[in-house]
Amino acid sequence: MSEPSRSRPTKKFGTLAGVFVPTLLTILGVIMYLRLGWVVGNAGLVGGMAIILLACGITLATGLSLASISTNTQLEAGGPYAIISKSLGQEVGGAIGVPLYLSQALAVAMYIFGFREGWVAIFPGHPAILVDFGVFLVMFGIAFVSTSLAFRIQYVVLAVILGSLVVVLASPVGWAGLGEVTLFGDYSGTSAGTASRGFWIVFAVFFPAATGIMAGANMSGELENPRVNIPVGTISAIVLSMVVYMVLAVWVAGAATTEELIDNYTIMVDRSLFGPLVLAGLLGATFSSALSSLVGAPRILAALGTGGVVPAGRWIAESAVNGEPRRGMIITGAIVACALLLRDLNVVAPLITMFFLITYTVINGVMMVEGSLGLLSFRPTLHLPRWVPLLGAVGCGFAMFIVNPTFSLISVGVVGAIYFYLLKRGVVGAREDVRSGIFVAFAEWAAARVTEYGMANFRAWKPNVLVPVQDPAALRGEFHLLLDVCRPEGSLKILGLATTETAAEMTPRIENQGRAFRHADLFTTWSIVDTADFSTGICAGLQALGSAFFRPNVVFLRLPEEPERYDELEHVIGEARRLGVGVMLWAPHHKAGLGHGQVVNLWIRPEDPARDMAESLARNNANLAILTAYRLCRAWNAELNIISVVATKAEVPAAHEYLAALREVCRLPRNATSHVLVDAFEAAVASAPQSDIDIIGLRAGAELELARELVERTRSACLFTSDSGKESAHA
């Protein structure tokens, strides 16, 4: 099934408007105004600050995981659903995405109820149901007109909230009483008519205040640069909100006695310099949180429709001319309206929190899985130690069962049921995820699943290199190069070609070389075939291994010293291209060898920087060259020179711009150096920075005599590469 026809959303929101403001406003919500004093009153100042740090620490770890993933992938529309689907597959993404969407929609009704309580407190004569539907219609109208209008209104709300914080913190009442604060509380206000009381009861009440960190990620499809916007906006909003909560905790601790803090939920209003502005901030917080959820939920629904997860997905995914998901907005509005008719969402409110926490747990899990598999596609520009997502996942799971064990089990059951339903039904969509790597890493029982989902996708690509060998002694000279190209997650297949000796004579020598690679922690297999000549044996091996479970995706060849053998080598290269196998043509320098292994030159043909990067890389046969250069730089801790050649000086600025874009999209090392040389290519290679290896794309039909000449001109070893079409440097 083809992807639904839909208007592409305009990339119009930056870090501030698209991520920071909606995330900050969602976190600084009603709990800050009405429950922070209660938290400090029960737990004391030290206990209250510990609760704040623990809750914000859990969400900060999750935010860091989200930020790291965002710097690694071209994040599509759908926010958390897109992240999970791209890593763990559409079924897992859908199992999380469907309840997450419903939670976002129902959260709108919850926030509206909170707004209504504040409104009726100010205007007691206004009917509650009219207030609910009145504010809902206003929100829906704003969100339906355009997201830009909703975000502009959020600036006004932000100003009101900041003003309310100013009149609270400027009140001397809170600072004057700091000498008499209670550092450790006795949790006397947590029993609620039962014997249950303590730290974790207060934590369960406060923890929802720290959630809402996905508000910016939900807009992933309409951000100018998600790789920058989501990390910067999300982390800065989490950190700033944590600071605000900590400062307010100190203020409320000194503003009233323990009994007043526990009994009076509006202590911040009463003790501020100007109570009406604090009430306005309370209303603004609930209004902005509802508006943010109302804007984000339809985008998750549209992404679910595009992925074929929900019924009538193609119809739902259709967007308006300006890219707004109007159909998803209407469906979401209908769900919110029905929820408002229930008049009380306290019964399902814990379930909403659980679905958010499950999403956070899976986001941390994605980070742990991708970071542990060693896949080449996982190279985020924001690196995290593994304990960060581990703490985030454990913390979210712990918080689920602290907040409400019953609803935790129910929510896990709902997610599991959706997953198995989608698995049985089947989901049509892209399978460029890392599940194949997970299944291979976790054992043989996953072999059938790996075959089903396929290992040959861009994100799960790893080098499975076939090395044809006539003389096993040659492998000793190429040992370290092959290790550095293949490790840690790749594999090596040695194909012995018994052209001058029998297979029985060659076998022990091939086995010795294979074991040496295995001892160096490289998965290696080998086989020997009797063959009349070099090219026939390689072509037969490529054809026979085409259906193997770990089929080779790269063949490693050597540039022969004898020009008369070039014809048979070109025949092998042509057959590899026909079979969809990449080519590495190794041409060592006869004196320098691999030199010091400290400098890598990567040669890239310049393109128009305005063109699609994926198309230009494929057209110029550059994907395998870039991936190989990255692997060698990582293995050697080497310097990387990225070099382009242009004919005239007028082309230099555009070439530099293209190389800058390529470095960003392909996540090449930040310390790499770009060079643009003005000359003919054959002449330019002689004036390039001296390297230990030059990696150059092998053009179709290129004369191998030129390859030998380039080795002499560069004064270094050369590795010529040809793409198979199944690897991607930007995945």
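## Strand β10 and its sheet

In β10, Phe-720 is the bridge partner of Ile-696. Strands here (E, at least two residues) and helices (H or I, at least four) are DSSP runs numbered from the N terminus, and two strands pair if DSSP finds at least two bridges between them.

A word on the source: this is a predicted model, where local features need pLDDT of at least 70, side-chain atom pairs count only at pLDDT 80 or more, and totals for chains, interfaces and linings use all residues. Residues are numbered from 1 along each chain as its sequence is written, and side-chain values use heavy atoms, leaving out hydrogens and water.

Here are some of the strand pairings:

| Strands | Sense | Bridges |
|---|---|---|
| β5 (582–587) and β10 | antiparallel | 5 bridges |
| β9 (693–697) and β10 | parallel | 5 bridges |
| β4 (554–558) and β5 | parallel | 5 bridges |

Met-584 stands opposite Thr-721 in β10, while Val-555 has Val-583 in β5 as its bridge partner.

How enclosed is β10 (residues 717–722)? Since 6 of its 6 residues are buried, β10 is largely enclosed by the rest of the structure; buried means under 20% relative accessible area (1.4 Å probe, protein chains only). Ala-717, Leu-719 and Thr-721 point one way, and Cys-718, Phe-720 and Ser-722 the other way. In a regular strand, side chains alternate between the two faces of the sheet.

Helix α29 (residues 704–714) lies across β5, β9 and β10, at about 140° to β10. Such angles run from 0 to 180 degrees between N-to-C directions, with axes fitted to C-alpha atoms, for helices over the stretch in contact (heavy atoms within 4.5 Å).

The open, mixed sheet has 10 strands, ordered β3-β2-β1-β4-β5-β10-β9-β6-β7-β8.

Technical notes:
Buried means under 20% relative accessible area, exposed over 50%, partly exposed in between (1.4 Å probe, protein chains only).
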